[in-house]
Amino acid sequence: MERMAKFERVSLEQFQKDWEGAFGTIRGAKEAYDTVQLPRRATAGSAGYDFFAPKTFTLAPGESIWMPTGLRVRMKEGYVLACFPRSGFGFRYRLQLDNTVGIIDQDYYGSENEGHIQAKLTNDSKDGQSLTIPAGTAFMQGVFLPFGVTEDDNATAKRTGGFGSTTR
């Protein structure tokens with residue numbers, strides 16, 4: 001298998017900024033940052049790299065949370081990281097990423113927010129089940145995928161931001 005990427009932590013300063021944006025306080029950010037784990041595959045045959053929750057959270061049915069992961073990824077050109085909820089949480093609780101599939105482009109690494117990978121998660125349970133994910137538990141998985149471009153592609157713009165920045 002080709003090795004095409006490397007996960008890294010974002011800076012503490014960036015993590016604290018995004019933590020405050022997600023939770024309205026900086027309280028707990030340093031402690032969460034200190035426990036951020038790099039994503040890893042569970043087995044040699046796994047395609048997905050597990051992302052681990054930096055803090056414990058509970059979602060009642062219909063509730064959402066914005067979760068900064070503390071991570072970014074440097075990838076070779078021609079690859080994208082596609083993020084999905086862990087399948088067990090999807091089956092049992094209908095845990096969803098609010099954008100369905102998170103797409104982390106290769107050039108996101110150099111964006112203004114250091115390429116900080118974040119996830120907005122929703123418990124879409126139809127049977128009233130609340131979901132608690134303890135800190136350190138895998139909640140999302142990312143799969144690296146190759147992609148191509150059309151023969152007449154002429155994109156030259158440079159990314160500056162995160163969500164929605166490529167259409168501004």
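Reader: Is Ser-125 buried or exposed in this predicted model?

Author: A residue counts as buried when its relative accessible area is under 20%. Ser-125 has 10%, so it is buried.

Reader: Where does Ser-125 lie, and which residues does it touch?

Author: Ser-125 sits in the loop between strand E8 (117–123) and strand E9 (131–133). Setting aside residues up to four places away in sequence, Ser-125 touches Pro-61, Tyr-93 and Arg-94.

Reader: How many bridges join E6 to E8, and which residue stands opposite Gln-96?

Author: E6 and E8 run antiparallel and are joined by three bridges. Opposite Gln-96 stands Thr-122 in E8.

Reader: How many bridges pair E2 with E10, and what is the bridge partner of Phe-51?

Author: E2 and strand E10 (residues 138–146) pair over four bridges in the antiparallel sense. The partner of Phe-51 in E10 is Met-140.

Reader: What is the setting of Ala-53?

Author: Ala-53 is in the loop between E2 and strand E3 (57–59). With a relative accessible area of 4%, Ala-53 falls under the 20% limit and is therefore buried. Ala-53 and Phe-139 are 86 residues apart along the chain, yet their C-alpha atoms are separated by 6.4 Å. Beyond four places in sequence, the residues touched by Ala-53 are Ile-133, Pro-134, Ala-135, Gly-136, Thr-137 and Phe-139.

Reader: Which residues of the largest nonpolar core touch the most other members?

Author: A core is read by its members and by the elements that supply them. Of the 29 residues in the largest one, Leu-81, Leu-121 and Phe-139 touch the most other members. Among the elements that give two or more residues to this core are strand E5 (79–85), helix H3 (87–93) and E10. E4 gives the most, with five residues. Leu-81 has contacts beyond four places in sequence that include Phe-7, Phe-51, Val-73, Ile-104 and Phe-144. A second, separate core has seven residues, including Leu-12, Trp-19, Ala-32 and Tyr-33.

Reader: What does the radius of gyration say about the whole chain?

Author: The value is set against the one for a compact globule. For 168 residues that would be near 15 Å, and the protein chain has 16 Å, which agrees. The chain has three helices and ten strands, and 40% of its 168 residues are buried. Of the contacts between residues at least 6 apart in sequence, 76% join residues at least 24 apart.

Note on methods: Residues numbered from 1 in each chain as written. Predicted model: local features only at pLDDT ≥ 70, side-chain atom pairs only at ≥ 80, totals over all residues. Heavy atoms only, no water. Buried < 20%, exposed > 50% of the residue type's maximum accessible area, 1.4 Å probe, protein only. Contact = heavy atoms within 4.5 Å. Pairing = 2+ DSSP bridges. Core = buried A, V, L, I, M, F, W, Y, C linked by side-chain atoms within 4.5 Å. Rg over C-alpha atoms; globule rule 2.2 N^0.38 Å.
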